[in-house]
Amino acid sequence: MKIQLFHWFKVRFVITMGVTVNKQLISLSLLFLAFLSGQAHGQGLDLCAGANYAALCHSVVGREKSPYVAAEATVNRLISETKQAKSSAARLPHKDSPTCTYVYDEALYSLKESLRSLKSHDIGSFNVKLSAVMSFAEACKDSFEEMGKPFPIAKQNELIKHIASNALHIATFIS
């Protein structure tokens, strides 16, 4: 009788402990899922953490938590910077700037298309359009290197590439 009672107590103890542990695991699992869902929706998330140009990213998006809003703000800033670079390129002697004015026009078109892609939740196309902008900026720089001339709009051009890089980073938070 003592053995059976002890056995019953031991089984009861194991079952009770198992339920307690399972309740704790369930509670922890639910807490973890709540945390993850908050992260997925951008709550408490720093979209610029891990960006190649984090300070620049913060200056553009501030403390925005929505990756869609941050991506749109970044593209709008890119449009503004690209227009300024195109204007600077247009003021250069004509023989020096035709490639840059052309590629900045193409970059502006790609940026407008990237906004359309973002609005339709086509993140793949969004990324392709932003990558194209980086390539266009590089083509402008390359045209001056090929002529053996100094690149007078290098800072503006690099800024465009840096902001585009940050936009690509922000896009990684969009699901």
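Which hand does the link of Cys100 and Cys140 have, left or right? With 95 degrees about the S-S bond, that link is right-handed.

Before the rest, the conventions. This is a predicted model, where local features need pLDDT of at least 70, side-chain atom pairs count only at pLDDT 80 or more, and totals for chains, interfaces and linings use all residues. Residues are numbered from 1 along each chain as its sequence is written, and side-chain values use heavy atoms, with hydrogens and water left out.

Disulfides, then. The term stands for a pair of cysteine sulfur atoms within 2.5 Å. Searching the whole structure gives 2 disulfides. Cys100 is joined to Cys140, with 1.8 Å from S to S. This pair links distant parts of the chain, 40 residues apart: Cys100 sits in helix α4 (residues 98-119) and Cys140 in helix α5 (residues 123-147). Helices here are DSSP runs of H or I with at least four residues, strands are runs of E with at least two, and both are numbered from the N terminus. Cys100 and Cys140 are both buried. On accessibility, buried is under 20% relative accessible area, exposed is over 50%, and partly exposed is in between, with a 1.4 Å probe and protein chains only.

The other disulfide is formed by Cys48 and Cys57, whose sulfur atoms are 2.1 Å apart. Here the torsion about the S-S bond is about -70 degrees, so the disulfide is left-handed. Cys48 is buried at a relative accessible area of 1%, and Cys57 is buried at 2%. If the bonded cysteines are numbered in sequence order, the pairing is 1-2, 3-4.

Next, the core. A nonpolar core is a set of buried Ala, Val, Leu, Ile, Met, Phe, Trp, Tyr and Cys residues joined through side-chain atoms within 4.5 Å. In the largest one there are 40 residues, and Cys100 and Tyr104 have the most contacts inside it. Two or more residues come from each of α2 (54-61), α3 (67-90), α4, α5 and α6 (154-171). The largest share, 8 residues, is that of α4. As background, nonpolar side chains tend to be buried together in soluble globular proteins.

What does Tyr104 touch, leaving aside its neighbours within four places in sequence? Its contacts (heavy atoms within 4.5 Å) are Thr82, Ala85, Lys86, Ala89, Cys140, Ile153, Asn157 and Ile160. Cys140 in that list is the partner of Cys100 in the disulfide.

Last, the charged pairs. A salt bridge is a side-chain nitrogen of Lys or Arg within 4 Å of a carboxyl oxygen of Asp or Glu. The whole structure has 8 of them. One joins Glu72 to Lys119, with 3.9 Å between the closest N and O atoms. Glu72 is in helix α3 and Lys119 in helix α4, so this pair ties together parts 47 residues apart in sequence. Glu72 is partly exposed at 30% relative accessibility, while Lys119 is exposed at 60%.

Glu113 and Arg116 form another, with the closest N and O atoms 2.3 Å apart. Both are in helix α4, 3 residues apart, which is about one helical turn. Glu113 is buried at 19%, whereas Arg116 is exposed at 52%.

In helix α5, Glu138 and Lys141 are also 3 residues apart, and their side chains meet in a salt bridge of 3.2 Å, N to O.
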